[in-house]
Amino acid sequence: MTSLTNTIGRDGPAPALSTAGGDVPDYFALLKPRVMVLVIFTALVGMVVSQGHVQPAIGAISLLAIAVGAGASGCLNMWWDADIDAVMTRTATRPIPAGRISSEEALGFGLFLSVASVLVLGLAANLLAAALLAFTIVFYAVVYSMWLKRATAQNIVIGGAAGALPPVIGQAVVSGSVGIESLILFAIIFIWTPPHFWALALIKADEYARAGIPMMPNVAGPASTRRQIVGYSLLLAPLSLAPVAFGFGGLLYAVIGLVGGLGMVAFSIRVLRNREGEAERRAALGMFGFSILYLFALFSALLAEQSFGLFRPVLG
């Protein structure tokens with residue numbers, strides 16, 4: 001496997017390109033703010049579907065701590081993956097490879113926020129929620145970033161557990177326990193992650209190859225990846241209706257889940273059929289974009305039903 005990591009003779013972060021501290025926007029960029037928004041959103045849905053009540057102030061502080069913990073893990077991921085980011089077009093301008101923040105500064109920032117977020121969540125909510133947040137940070141920063149990402153084409157499949165945990169943490173904040181509601185939301189995000197990321201990986205395969213990352217299209221080949229995208233989409237479609245079967249998803253959610261699930265299958269079949277040139281690119285980008293809209297719509301429906309009195313039972 002050829003990559004920049006082999007060129008510099010290490011499997012960890014690239015040497016710092018700058019020793020000067022960056023500006024506030026650079027440190028904010030280390031937190032992967034778009035990911036933080038998704039984490040806040042899914043954790044909030046985990047809270048509202050829970051059987052229980054939390055004081056608004058405690059809920060707000062807890063959401064902030066969860067968001068900061070997610071940002072901390074993103075920062076540690078950028079610290080470790082600086083060598084990879086430097087050779088990929090979409091990540092080369094990140095603060096560390098661009099030389100605006102040194103690796104040491106990013107490491108210290110990430111570790112500080114990791115500890116602080118877990119402590120705040122433990123004090124504001126409970127030990128279970130704090131333990132789950134700590135596990136998520138360690139899993140993403142260590143298990144996924146330092147091991148799985150560079151070791152196996154199943155990196156996104158297994159590593160997707162970290163991105164699927166915020167609803168579970170959210171429910172733990174409210175109820176002090178983990179229930180079937182958040183576990184179902186975990187499963188939906190977990191199964192959603194591979195087709196979402198592999199659609200983009202199909203058109204970024206050359207960049208992943210240069211960086212030495214064993215993404216599925218580079219290891220199993222594009223044809224196998226396309227079939228797996230279809231397989232995961234076929235599994236996701238009925239799974240997304242599980243909240244209806246378990247009574248915490250109503251009519252609005254059922255309609256969005258059904259239409260969206262069929263849409264995921266349709267887009268995956270389009271990816272399977274379009275294998276060359278611009279048609280392949282459009283199909284893959286269409287799948288990637290629709291998958292984001294699909295997940296947002298699912299969780300928005302749950303949030304609307306539980307928070308604004310829109311819940312109408314489908315079964316019984």
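Predicted model: local features only at pLDDT ≥ 70, side-chain atom pairs only at ≥ 80, totals over all residues.

Reader: How are α15 and α16 oriented relative to each other?

Author: Start with the rules for angles: axes are lines fitted to C-alpha atoms, for helices over the stretch in contact, and angles run from 0 to 180 degrees between N-to-C directions. Under 35 degrees counts as roughly parallel, over 145 as roughly antiparallel, 65 to 115 as roughly perpendicular, and the rest as oblique. Here the axes of α15 (residues 251-273) and α16 (residues 277-307) cross at roughly 170° and come within 9 Å, so the two are roughly antiparallel. Helices are DSSP runs of H or I, at least four residues, numbered from the N terminus.

Reader: And which classes of residue make up the contact of α15 with α16?

Author: Contact means heavy atoms within 4.5 Å. Ala, Val, Leu, Ile, Met, Phe, Trp, Tyr, Cys and Pro are nonpolar, Asp, Glu, Lys and Arg are charged, and the others, Gly among them, are polar. This contact has 17 nonpolar, 7 polar and 3 charged residues.

Reader: Is aspartate 85 buried or exposed?

Author: Buried means under 20% relative accessible area, exposed over 50%, and partly exposed in between (1.4 Å probe, protein chains only). Aspartate 85 has 3% relative accessibility, so call it buried. You'll find it in helix α5 (residues 82-85). Skipping residues up to four places away in sequence, aspartate 85 touches Met78, Thr91, Ala92, Arg94 and Pro97.

Reader: What about lysine 32, where does that sit?

Author: In the loop between α2 (24-30) and α3 (33-48). Most residues other than glycine have a negative phi. Lysine 32 isn't a glycine, yet its phi is positive, about 50°. Lysine 32 is also buried, at 15% relative accessible area.

Reader: How many residues of α4 are buried?

Author: 18 of its 25, so α4 is largely enclosed by the rest of the structure. For length, the expected span is 1.5 Å times one less than the number of residues. Helix α4 (residues 56-80) reaches 36 Å from its first C-alpha to its last, close to the 36 Å expected.

Technical notes:
Residues numbered from 1 in each chain as written. Heavy atoms only, no water.
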